[in-house]
Amino acid sequence: MQQHQVTNVLFICSRNQWRSPTGEQVWKNHPALAVKSAGTSTKAHRRVNANTIQWADVIFVMEQKHKNRLKAQFYKLLIHKDIQVLDIPDEYQYMDKDLVILIKQHVSSYLALT
């Protein structure tokens with residue numbers, strides 16, 4: 001039996017309430033991916049930590065400010081990490097159909113997934 005390489009994908013927004021959990025939900029059943037989500041805020045449902053950073057192969061942040069916050073807090077852990085800024089503003093609810101489309105387009109394009 002052939003082993004397939006799974007890519008660990010981490011979605012990050014501020015409060016891990018709408019955007020990053022949507023990313024996790026959209027991609028969680030893809031066979032080539034293991035997916036988690038977290039937030040940068042102290043009020044996040046799941047706060048990003050060193051373990052989640054180390055686990056991730058690719059980190060998708062919703063906005064540049066999230067990347068900046070990660071770099072400020074986890075600089076050494078991020079030196080060789082692939083961080084992609086999706087440029088998705090905080091104007092969507094959880095699983096908003098337009099948000100789902102944006103996340104599917106960006107992630108499938110970047111990771112060359114179908």
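Helix α4 spans residues 97-111. Its 15 residues reach 21 Å from the first C-alpha to the last, close to the 21 Å expected at 1.5 Å a residue. The model is predicted, so every value here is computed from predicted coordinates.

Start with the two sides of this helix. Leu 99, Val 100, Ile 103, Val 107 and Leu 111 of α4 are buried. They cover an arc of only 95° around the axis, which puts them on the same side of α4. Lys 97 and Ser 109 are on the other side, and both are exposed. The cover over the buried residues includes one helix, α1 (19-27). It also includes the strands β1 (7-13), β2 (33-39) and β3 (58-61).

Now look at the ends of α4. Asp 96 caps the N-terminal end. One of its side-chain oxygens lies 2.8 Å from the backbone nitrogen of Asp 98. After the helix comes Ala 112, with a positive phi near 55°.

The largest nonpolar core has 17 residues. Phe 11, Trp 27, Phe 60, Ile 103 and Leu 111 touch the most other members. At least two residues of this core come from each of β1, β2, β3 and α4. The most come from α4, which gives four. Leaving aside residues up to four places away in sequence, Leu 111 touches Val 9, Leu 33, Val 58 and Phe 60. There is also a second, separate core of twelve residues. Among its members are Ile 12, Val 48, Val 61 and Leu 78.

Next, the strands. β1 and β2 pair in the parallel sense, over seven bridges. Within that pairing, Leu 10 has Lys 36 of β2 as its bridge partner. Five of the seven residues of β2 are buried, so this strand is largely enclosed by the rest of the structure.

One goes to the side chain of Asn 16, at 2.9 Å. Another goes to the side chain of Arg 46, at 3.3 Å. Residues up to four places away in sequence aside, Ser 37 touches Leu 10, Phe 11, Asn 16, Ser 20, Pro 21, Glu 24 and Arg 46.

Follow the contact from Ser 37 to Asn 16. Asn 16 lies in the loop between β1 and α1. Asn 16 is buried too, with a relative accessible area of 3%. Its backbone deserves a look. Most residues other than glycine have a negative phi. Asn 16 is not a glycine, yet its phi is positive, at about 50°.

Asp 87 is another residue other than glycine with a positive phi, near 55°. It is found in the loop between β4 (82-85) and α4. Is Asp 87 buried or exposed? At 61% relative accessibility, Asp 87 counts as exposed, whereas Asn 16 is buried at 3%.

That loop leads back to α4. The helix has a buried set that includes Ile 103 and Leu 111, and these two residues are among those that touch the most other members of the largest core.

How values were computed:
Residues numbered from 1 in each chain as written. Predicted model: local features only at pLDDT ≥ 70, side-chain atom pairs only at ≥ 80, totals over all residues. Heavy atoms only, no water. Expected span 1.5 Å × (residues − 1). Buried < 20%, exposed > 50% of the residue type's maximum accessible area, 1.4 Å probe, protein only. Arc of directions from axis to C-beta. Contact = heavy atoms within 4.5 Å. Polar contact = N/O pair within 3.5 Å; in protein donor to acceptor, adjacent residues only side chain to side chain. Core = buried A, V, L, I, M, F, W, Y, C linked by side-chain atoms within 4.5 Å. Pairing = 2+ DSSP bridges.
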